[in-house]
Amino acid sequence: SGYVQVLFNQELSEVAKEQVVISSAQLDRMLRLAEMGKASPAQVAEAKARLAQDETSAVQAENNYYLALLDLSQLLEPPNPESFTIIAPNIELDFVPLTAPDAIYEQAITDKPSILAAQYRLEGSEKSIRIAQSAYYPQLSLSGGLSTSYYTMSGRDSDAFNSQLSNNLNKYIGISLNIPLFNRFSTRNRVYSARLQQTYYSLQLENSKKALYKEIQQAWYNALAAESKYKSSNVSVVANEEAFRLTNEKFENGKATSIEYNEAKLNLMRATSDRIQSKYEYLFRTKILDFYKGLPIQ
């Protein structure tokens, strides 16, 4: 989202600069009309004020862009943050039909780490039950041993080392059979605890699947809403562009007031900003769906 925010603020900065160009051209026109006596000093002053306001907005928009770029560089921690910049991609929105939530869910449960971890824990709990149940069965044990020793006594002759090792050699072998008859229900309790753990892991897996499906549904509806919002904002931009063009012609012919001109210009800028915001929101929402589908984020 940091990268998307940088792109969003970058486009807003470009829009603000375009508004400065429009206001500068309008001021030049007013100055020429004033020289010809067709524009009052008040109109010239208003055009200067409008240009100054747009320049302030452009500076603020550019500052927001650099702040967003700074936030992104702090997240990425490049070796030279002072020279950090990004290349804006050539984004062409392609409104392909969104994949249904059920289809995305079927793809997500096969490679989502949280789901896989819950499945492995559940499979491991089955092994734990079998291990606990093994205490019910008789146990046959075979054991054996081999030992020897060597010693000396002060002031007395002792046998040779090799002889002592051979003479003192001890060997034994044993076999035992343990038949569990009653162990104060410890085995039963261990099996019961293992089954409870399996039930817990089963519920945990189901809850993880439900949470994943809910996340996918929310992401899908957010992407659908973002698509509708962009299409609506695009219609609004087209309508406001035409309204501004007509108002500008009226203003140049003296049939519209400066208030009407400023209002039309402000509406166009607001609609353009809304379209930029909805465009990047749509891109962000569709990339979230790609993440759940296991597609690389590009």
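Visitor: Where is phenylalanine 185 found in this structure?

Guide: In this predicted model, phenylalanine 185 is found in the loop between β2 and α6.

Visitor: Which residues make the nonpolar surface patch?

Guide: Phe185 makes the patch together with Leu140, Leu142, Ile173, Ile175, Leu177, Ile179, Leu181 and Phe182, and its area is about 1100 Å². Both β1 (139-147) and β2 (170-178) supply at least two residues each, and β2 gives the most, with three residues.

Visitor: How many Å apart are the end C-alpha atoms of helix α6, and what should the helix span?

Guide: The 67 residues of helix α6 (residues 186-252), at 1.5 Å a residue, should span 99 Å, and the end C-alpha atoms are 96 Å apart, which agrees. After α6 comes glycine 254, whose phi is positive, near 75°.

Visitor: How should I read a pair of aromatic rings?

Guide: A pair of aromatic rings is described by the distance of the centres and the angle of the planes. A search of the whole structure finds seven aromatic pairs. For tyrosine 65 and tyrosine 66, the ring centres are 5.2 Å apart and the planes are at 50°, so this pair is tilted. Tyrosine 65 is buried, with a relative accessible area of 11%, whereas tyrosine 66 is partly exposed, with 46%.

The rings of phenylalanine 244 and tyrosine 261 have their centres 5.5 Å apart and their planes at 45°, so that pair is tilted. Since phenylalanine 244 lies in helix α6 and tyrosine 261 in helix α7 (residues 258-292), the pair ties together parts that are 17 residues apart in sequence.

Methods. Residues are numbered from 1 along each chain as its sequence is written. This is a predicted model: local features need pLDDT of at least 70, side-chain atom pairs count only at pLDDT 80 or more; totals for chains, interfaces and linings use all residues. Side-chain values use heavy atoms; hydrogens and water are left out. Helices (H or I, at least four residues) and strands (E, at least two) are DSSP runs, numbered from the N terminus. The expected span of a helix is 1.5 Å times one less than its number of residues. Patches are made of residues with over 30% relative accessible area and no salt bridge: like charges are joined within 9 Å, nonpolar side chains (Val, Leu, Ile, Met, Phe, Trp, Tyr) within 5 Å. Accessible areas come from the Shrake-Rupley method with a 1.4 Å probe; for residues, only the protein chains shown count as cover. A salt bridge is a side-chain nitrogen of Lys or Arg within 4 Å of a carboxyl oxygen of Asp or Glu. Rings of Phe, Tyr and Trp (its six-membered ring) pair if their centres lie within 6.5 Å; planes under 30 degrees apart count as stacked, over 60 as edge-to-face and the rest as tilted. Buried means under 20% relative accessible area, exposed over 50%, partly exposed in between (1.4 Å probe, protein chains only).
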